[in-house]
Structures are given as C-alpha cells and as structure tokens.
Amino acid sequence: MFTQNQFGIFLVCKNNYELLETWFENGNYSDIPVLVLDISSNKSNFDLAKDLQTKFNFELKIAKSGIMQENIFEALNYFHSKKIYWAMYTHQDAYPLSKNWISHLNEKLKTLPLDKIGVVGFNIYHDSEIKNWNGDTNFK
C-alpha cells in the first residue's frame, strides 16, 4: 500500500543521536524516506548525525523552530514538496517491535476506509507490558 513515494517518517532530535542509531538498527527503512529535524544539537552530536546520515541515508535538516507544531508543519511541507502525502512522526527512542512492521501496517490499512481517517495512532509498550508482546497476535 505505502511505497517510497507515498509515505515518509520524521523524527526530531536534540543531542541524542545514539538513540537514533538504535532506532535505525531496529527497523528496515530502506524504502521509506526519513526526515530528521535537528533542534539545536551541540556540534559533536550534530557531527554524529552527519555520520549517521551517511550510514542510513536519511534527510537531515536543522529545524526552523523548537516548537513541536512548527516541526510537524515543516516536515509536512518537506514531504509534500516530494509528493508524499502520508507522514508518521515518532520518537527515536520508540522503535517498532518487529522489523516487518510496515507490512503489518499496510495489511491493516488495507482494511480501513482511508478517505475517512485523518490520523493513525500507536500505543507504546512499556517495560512492564513488553513481556506480554507477541508479534503474531498483537496487530489487531
């Protein structure tokens, strides 16, 4: 359902690019454009961001603002300029529990009337809940 030209992911980072590296390593984003907006990282962290950009092939931009709503607007404008009309915002410390989450999401979205949906949300498992997770049954 979603292809590289239809779906993008954006994250906002400030001085925590080690978490971003873990986020990329815990998923397969090779077919999805990822935008990372940096909100005033120090030089050493921004240098790490550039190294990760080369390693994982994502778009890195300095955010125009530190205000979340403005970051969302900036990301949507970025994706819209590339004719991408669906974007997912996530934190770099909240990564999917399975590497094939995009396939699961696509299967679920195929059953939904997308012309009537404006937002798709996800809940985050916490440490006490993670022990109950089963990748075969939790995509309801």
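This is a predicted model: local features need pLDDT of at least 70, side-chain atom pairs count only at pLDDT 80 or more; totals for chains, interfaces and linings use all residues.
Okay, let's start with what I'm calling a salt bridge: a side-chain nitrogen of Lys or Arg within 4 Å of a carboxyl oxygen of Asp or Glu. Residues are numbered from 1 along each chain as its sequence is written, and side-chain values use heavy atoms, with hydrogens and water left out.

By that salt-bridge rule we get 4 of them. Take lysine 55 and glutamate 21: their closest N and O atoms are 3.0 Å apart. Lysine 55 sits in helix α2 (residues 43-56) and glutamate 21 in helix α1 (residues 17-25), so this pair ties together parts that are 34 residues apart in sequence. When I say helix or strand, I mean DSSP runs, H or I with at least four residues for helices and E with at least two for strands, numbered from the N terminus.

Lysine 55 also forms a salt bridge with glutamate 25, closest N and O atoms 3.6 Å apart. That one links distant parts of the chain too, helix α1 to helix α2, 30 residues apart. For exposure, buried is under 20% relative accessible area, exposed is over 50%, and partly exposed is in between, using a 1.4 Å probe and protein chains only. Both glutamates come out partly exposed, glutamate 21 at 23% and glutamate 25 at 42%.

Then there's a local one: lysine 43 and aspartate 47 meet at 2.9 Å, N to O. Both are in helix α2, 4 residues apart, about one turn of the helix. Lysine 43 is exposed at 62%, whereas aspartate 47 is partly exposed at 29%. And back to the shared partners: Glu21, Glu25 and Lys55 are joined into one network.

Now the rings. How many aromatic pairs does the structure hold? There are 7, where rings of Phe, Tyr and Trp (its six-membered ring) pair if their centres lie within 6.5 Å, and planes under 30 degrees apart are stacked, over 60 edge-to-face, the rest tilted. Tryptophan 23 and tyrosine 29 have ring centres 4.1 Å apart and planes at 5°, so they're stacked. Both of those residues are buried. Phenylalanine 24 and phenylalanine 58 are stacked as well, because their planes are at 20°, with centres 5.1 Å apart. Here phenylalanine 24 is in helix α1 and phenylalanine 58 in the loop between α2 and β3 (59-62), 34 residues apart. Phenylalanine 24 is buried at 5%, and phenylalanine 58 is buried at 5%. Ring pairs link Trp23, Phe24, Tyr29, Phe56 and Phe58 into a cluster.

Most residues other than glycine have a negative phi. Serine 40, though, has a positive phi of about 70°. You'll find serine 40 in the loop between β2 (34-38) and α2, exposed at 57%. Lysine 83 is another non-glycine with a positive phi, near 60°. Lysine 83 is in the loop between α3 (68-81) and β4 (86-89), and it is exposed, at 58%.

That's my tour, happy to take questions.
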